[in-house]
Every structure is written in structure tokens, then in C-alpha cells.
Number of protein chains: 2
Amino acid sequence: MEQLRETLKGHHLRTTTCREDVLLTFMNKKNALSHGDLEGALGENYDRVTIYRTLKTFLEKGIIHKVLDDEGLRYALCSHQCSEEKHQHDHIHFKCNECGKTNCLENLHIPNVALPAGYQPESFNLLIQGKCPECLGNN
Amino acid sequence: MEQLRETLKGHHLRTTTCREDVLLTFMNKKNALSHGDLEGALGENYDRVTIYRTLKTFLEKGIIHKVLDDEGLRYALCSHQCSEEKHQHDHIHFKCNECGKTNCLENLHIPNVALPAGYQPESFNLLIQGKCPECLGNN
DNA sequence: AAAAACACTGCAACATCGTTGCAAGTGTTA
DNA sequence: TAACACTTGCAACGATGTTGCAGTGTTTTT
């Protein structure tokens, strides 16, 4: 609870119930969430547009980051401390083809890729799809 | 020209002018294209819906594959021979933040990633963002 | 060569997703 | 607590993507 407010204040955002709820939802469900997921969870309390704007704000402030897979756009909490100025840019995500959930794989580093001459890389984003431990265990 | 027909026939598709044009567009512009790009290029000749369906068909037949970046969904030709049954699943794409174009990096292999225990990977998709040789050269 | 079966296209209508302007409400600071 | 700036909800809009259907063009069958 207090932690939520700290997070918001730390990113120079006013604490509102909508922002607290969105943040709380991200922290409870561990996987990446789409706007639709949030609307499903909070839609009766807040307007669609407000949720869009909350996501946009969180993105700009570096509280969440985009997660992409073949089904569309999702968002996940930034584990590393990100701010408006500096955003941790390397991400590895794992999407389970069985349950459909996408998670950040922390503590993994993307190995060096030998790019052709002339390319100047700035950020890396790796999406691995397959089966997650939970779904493998249920067979 | 003939090559186009061969590609279509090879994937058990009828040759229609729309499919030829879409395929041609992919071959001319080397980078990944969105539906909007194709609509811009061919929209006066073909219906929006037809282009959607053409993309869907090409996807199913393994002629093109999805390319994702933070701006949305795009498509690119499959260089490796893909068919309905077998689809080459590892992709590396480079998106230039300057010109906005996304290209497939062929002949690159994604290095092994040490996944946490219990994860069973099936496909890899790496997006590298940065500056491309063309844009670097223009400075 | 004609008929039957199939596949492709365009149109219209619809559903979903995301954005913008504005007025009213709320949090923050002095 | 008063003033200000930020946030929210509403309404309207635009963009994106899907579905059903009728008409047309291709194959296939006989």
C-alpha cells in the first residue's frame, strides 16, 4: 500500500486510486497485461480512457514497459529501476503457447549477436515462445 | 513475374492480380510492411478487406511472417523455405529508430540462452533497435 | 464442352482498439 | 483554505480488423 505511493511519488506522479489500482494489478498478476486485461479487472471502476492514459503515463515515467508478442501489445512492470531519463532497454520475455501468459525473465542477459557491419544497436528485445513450467507440470 | 506465379503455385494458391501485386510489393520494398503500408501502395486497386485476407492467407501458407516492434504489427517475406507444415521459427529483425524501417537479418543465428529450469522453448524472436547503415552514413 | 464445386473479391456492416477536446472534479502546494 | 495544475469521465471520433453475403472467376468433374 505505502509501497505503491512511494513508487508513484518517486516518479513524480500524483497518487490517485486509479493509478494505485493499476499498479496493484500489475503487482498481483505477475504476467504482462494488455489494456483489455486491465479493463476487465478494473473496468467497472474506471473509464476505458483513463486506463489508456494511465498506461501511457506509466510508460513515459518508466514504471512499465511494452511487451510484444504475436497477439499484440502488453505491458509489464519494469523491475530494474527505470526513470524518465534512463530506461533499461534489454528485455527477455517468455510466452507460453499453452496458457498464453507472458512473463519477464529477469536476471538473464541477452548474449552478444554478431551484427553485420554498419549496424549500431541500441536495445534488444527477445521473445521466446514455448511451454512454461506450470503447463509442463500439468501433463 | 514468372517467379511470382511459381511462389504462389508452390504454396497451392491461385494466382490473382492482388496476390501478385502484394507479393511484388514485398519484393520491391525490402523492409517489413504493415497492412497500412500495403493499403497505401495498392489501396486504389484493391479493397481493404482483400488485402487483409491476402495477408492472412500468406501467413497461413508460410509465405510471410509476422514482425513485431513497439509500433505494431508488420509482415515480411520468409526467406527460408516455409510451408504450411513447417515454418522456420527463429527470426532476428533490426529496426532503425531513425528511418523507422524494419528488416530481417538473414544468416544470423540467435545464440543459446540459458533458460531457467522448466522452460521449454520452441521459437525465438529477437528485435534489435538502433541505427541502420543507411542512416548512419547520412550524417 | 457444360455443369458442379470451389475459391477469390468487393461491399456493407459491424466490433474492437486507441485518441482527442472539453468540462468537472481531485490532489498538491503555499 | 484558496489557487493552481493535474486527473478523470464523457462524448465523439478515427483507425484497425473481422464477418456475412452476393457476384464473379477458376478448377474439376463428367
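Student: Which element supplies the largest share of the surface near DNA strand D?
Tutor: Helix H4 of chain B, written H4(B), gives the largest share, four residues. Helices (H or I, at least four residues) and strands (E, at least two) are DSSP runs, numbered from the N terminus. A residue is near a strand if one of its heavy atoms lies within 4 Å of it. Before we go on, note that this is a predicted model: local features need pLDDT of at least 70, side-chain atom pairs count only at pLDDT 80 or more, and totals for chains, interfaces and linings use all residues. Residues are numbered from 1 along each chain as its sequence is written, chains are lettered from A and ligands numbered from 1 in the order in which they are written, and side-chain values use heavy atoms, with hydrogens and water left out.

Student: Which residues are the closest to DNA strand D?
Tutor: Among the 15 residues that surround DNA strand D, the closest are A:Thr16, A:Arg19, A:Thr50, A:Arg53 and B:Tyr52. By class, this surface has five nonpolar, three polar and seven charged residues. Here Ala, Val, Leu, Ile, Met, Phe, Trp, Tyr, Cys and Pro count as nonpolar, Asp, Glu, Lys and Arg as charged, and the others, Gly among them, as polar.

Student: What parts of DNA strand D lie within 4 Å of the protein?
Tutor: Of those atoms, 58% belong to sugar or phosphate and the rest to bases. A polar side-chain atom of A:Thr16 lies 2.9 Å from a phosphate oxygen of DNA strand D. On the base side, B:Arg14 places a polar side-chain atom 3.4 Å from a base nitrogen, and B:Arg53 places one 3.4 Å from a base oxygen.

Student: Which residues come nearest to DNA strand C?
Tutor: Of 16 residues around DNA strand C, these are B:Arg14, B:Thr16, B:Arg19, B:Thr50 and B:Arg53. Sugar and phosphate account for 61% of its atoms that come within 4 Å of the protein. H4(A) gives the most to this surface, with four residues. A polar side-chain atom of A:Tyr52 lies 3.1 Å from a phosphate oxygen of DNA strand C, while B:Asp47 uses a backbone N or O atom, 3.2 Å from a phosphate oxygen.

Student: What rotation superposes chain B on chain A?
Tutor: Copies are superposed by least squares on the C-alpha atoms of residues with pLDDT of at least 70 in both. Here a rotation of 180° with 0.0 Å of shift along its axis does it, with RMSD 0.1 Å. The two copies are therefore related as by a two-fold rotation axis.

Student: How much area do chain B and chain A bury between them?
Tutor: The size of an interface is often given as the accessible area lost when the parts come together. Buried area is the accessible area (1.4 Å probe) that two parts lose on being put together, summed over both. For chain B and chain A this is about 2900 Å², 64% of it on carbon and sulfur atoms. In chain B, B:Leu68, B:Tyr119 and B:Gln120 lose the most area to chain A, together 17% of what that side buries.

Student: How many salt bridges does the rule find across this interface?
Tutor: Two, where a salt bridge is a side-chain nitrogen of Lys or Arg within 4 Å of a carboxyl oxygen of Asp or Glu. One of them joins A:Lys131 and B:Glu122, with the closest N and O atoms 3.6 Å apart.

Methods. Polar contact = N/O pair within 3.5 Å; in protein donor to acceptor, adjacent residues only side chain to side chain.
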